[in-house]
Amino acid sequence: MITIQNLTKHYGKITALNSVNFIFNDSKVIAIMGENGAGKSTLLKICAGILPFDKGEVTIDGFSIINNSIQARKHLGYLPEMPEIYERLTGREFLFYIASLRNVTDAEKKIVQLADMTGITDFLEYEIGSYSKGMKQKISVISAIIHAPKNLLFDEPVYGLDPLTSRTIQDFMRKRKGTTIIATHSTQLVEHVADHVFLLMKGQVVASDSVTTFMDRFGSIENAYFHYKDEVHA
Amino acid sequence: MLETFTAILTDIRRSLFQKIRSSPILYLFFSSMMFFSVVMFAFLTLFLMRTEADISLLDVFFGIFFIFFMKSTHDFHTHFINSPYLSYAFSTQVSQTKTIREIFLVVFFINTGIWFSFSGLYLLTLYSLGINIYYPIEYLVFSTGVIIAIFLGCSIAIHFFSSLRYRLLPTVILLGFYWFSQSMVFLVITLPLALLHLVWSLSHAMDSYLFVNRKERIKDKSQVKIRDIIPTICYREITVLWRDKLLFSFIFTSITTGLFTGYLAIYGTDLLIPESLKEYAGEFLPDMFVFLGIYIVVIYTAVFPSLNLFLNEEKTMWILRNLPLSNETIVRGKVLSLTLCFVTSLPVLAYVSLFVGLDNIVFLIWLLVFSYIAGIIVAVPLGAKYVGKKSDILLLYSVAMILFAVLGVAGNLGLTLITTRVDAFFLLGAVLIVEVFVLFLSLKLSAHILSIR
């Protein structure tokens with residue numbers, strides 16, 4: 001469970017998040033949508049503990065991301081929007097590196113399993129510097145889920161992935177237990193995997209409801225998105 | 001037209017300005033340090049001229065040549081071989097060779113810029129001290145030497161990472177000829193040859209880029225295993241140092257510096273000092289050469305990798321930050337990798353001892369260990385302060401200057417203790433213990449700096 005209270009973040013004069021409040025419950029896939037610069041990635045970075053914020057409080061399973069950061073991060077898996085990984089390590093070395101730092105038991109078996117699932121097995125012995133964007137994304141996805149965290153933060157999780165791996169990752173998100181938060185622009189992805197949607201615009205939550213409610217009311221997530229976008233900009 | 005050239009220069013300029021804006025006082029200090037050292041060199045020149053010391057122009061020329069050779073090699077490696085952004089430029093309809101030539105232009109522009117601004121400031125100071133600076137031919141020869149050094153530095157950076165290593169041969173042959181000829185004129189007249197070699201190297205540069213960026217590593221599979229946290233962080237650092245071939249260059253520098261230092265310690269006084277001054281400087285010079293040798297090795301094998309522990313984490317810091325690790329653990333894991341770098345600095349002692357014998361070996365070991373730890377103490381917090389903001393010459397130069405002053409005083413005190421007190425070794429041991437405590441504080445400070453960002 002992730003709770004966010006009165007979270008505010010400024011980049012110079014620009015307000016990225018303006019006193020936002022969220023409670024992300026267990027066993028749900030929650031989608032955060034919004035236009036470019038709405039604050040989606042900023043929100044996820046703050047929750048992952050890699051970006052400081054100005055005001056408010058963030059807790060992961062009851063642990064504050066500021067005061068109890070290490071405990072909080074134990075319960076998290078994070079995939080950034082454009083993952084940059086150590087280019088000089090091979091895929092296998094990087095995954096063992098993360099597994100060692102996360103204290104994962106039975107790492108070899110898990111890496112083999114997840115590499116098979118994402119279709120990256122044949123490239124594990126190559127340096128990451130030679131990987132395509134999709135292959136880097138696959139390695140980053142594995143590194144985010146290798147320790148089976150209760151809470152997952154995925155920023156554009158299927159971006160750059162081939163259709164088969166994209167479907168596999170979507171299935172994985174649907175079936176897993178725990179909280180999964182995805183920041184995305186893809187309305188299709190939201191309709192396929194999410195239980196709940198938050199619409200974030202200009203650093204504030206303008207609408208939030210279950211996907212089924214949005215679908216019943218507007219016919220599609222895309223329609224809902226444009227409805228609220230027009231409302232905000234009106 | 002020159003899109004890549006403009007883009008890289010803009011990136012470098014903005015990065016520097018951003019660092020200056022974020023820490024203006026620190027950068028004011030760095031700049032004044034740089035200014036001060038150039039002026040100091042001018043005063044040193046004045047002193048040497050007044051004492052009629054026989055400083056060889058050839059040695060100064062080759063010293064400058066070597067510095068620019070190393071710097072341009074490093075710059076070309078950073079902006080070409082090691083650049084994560086070039087794939088964008090290479091994917092456009094612009095010829096890849098043209099893009100690589102533009103990268104060379106950046107390196108050329110930066111290094112000649114450094115040469116002309118530093119030498120200009122130096123000459124201006126000499127002029128203000130009343131020294132005649134009208135030596136246009138000499139200045140032209142020195143400038144041509146710098147240009148050739150940049151040409152060959154870029155060429156060696158290209159072929160060192162090529163799958164066809166024999167392509168290094170032309171550069172090595174040229175360098176060999178320079179070494180054996182010991183002539184500035186000979187070096188300068190090879191400018192067309194160096195240019196031709198550079199053009200050929202640039203047209204074959206893509207092979208090296210592709211070779212470095214697509215490597216299968218089946219042999220290293222046995223080393224992939226679960227480790228404890230600090231050894232895991234340390235192992236990654238060492239892997240990168242090994243694969244970027246930095247450990248080899250550390251050992252190479254250590255050996256060559258050891259040989260030069262040893263040679264100068266024995267023959268330097270006869271070669272450089274006139275008979276009339278030997279009485280005053282004769283005893284002082286060998287110790288100074290040994291100190292300088294150890295100092296150079298420490299800058300290259302301790303300060304440079306210490307700064308890069310964090311400076312190089314440009315966009316990958318998110319990996320460590322989102323893991324359940326304390327900043328202290330991260331700092332300790334990274335700093336542990338420097339123990340291997342320390343091992344690469346040891347040959348300097350062995351090769352110096354070949355010339356000067358083993359009489360002072362304990363003191364030399366102490367000086368190396370003390371200098372090495374001092375290098376880490378100064379460099380790691382600065383690296384943590386500028387995490388992800390790639391090294392710039394101001395930073396490296398300032399750390400080098402701070403250390404020069406600290407190690408100069410410490411080395412002198414150590415030598416005085418050794419020669420005057422029976423219990424000197426106990427005192428030197430105590431100094432090391434205190435220094436280790438300061439190192440501990442420095443690592444704490446680095447962890448704190450990381451946490452406030």
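The structure is a predicted model, in which local features need pLDDT of at least 70 and side-chain atom pairs count only at pLDDT 80 or more, while totals for chains, interfaces and linings use all residues. Residues are numbered from 1 along each chain as its sequence is written, and chains are lettered from A in the order in which they are written.

**Chain A overall**
- Chain A contains nine helices and 10 strands, where helices (H or I, at least four residues) and strands (E, at least two) are DSSP runs numbered from the N terminus.
- The C-alpha trace of chain A spans about 55 × 40 × 30 Å along its principal axes.
- Of the 234 residues in chain A, 48% are buried, that is, 20 or more other C-beta atoms, placed from the backbone, lie within 10 Å of their own.

**Domains of chain A**
- An automatic or database assignment sets the domain bounds, giving domain 1 (2-75 + 149-233) and domain 2 (83-148) in chain A.
- The centres of domain 1 and domain 2 of chain A, taken over C-alpha atoms, are 24 Å apart.
- In chain A, 11 residues of domain 1 are in contact with 12 residues of domain 2; contact requires C-beta atoms, placed from the backbone, within 7 Å.
- Helix H6 (residues 163-175) of chain A gives the most to the domain 1 side, with four residues.

**Contact between chains A and B**
- The contact takes 30 residues from chain A and 29 residues from chain B.
- Helix H11 (229-243) and helix H15 (317-321) of chain B are the elements that give two or more residues to the chain B side.
- H11(B) provides the largest share of that side, six residues.

Conventions. Contact = placed C-beta atoms within 7 Å. Buried ≥ 20, exposed ≤ 12 C-beta atoms within 10 Å, placed from the backbone.
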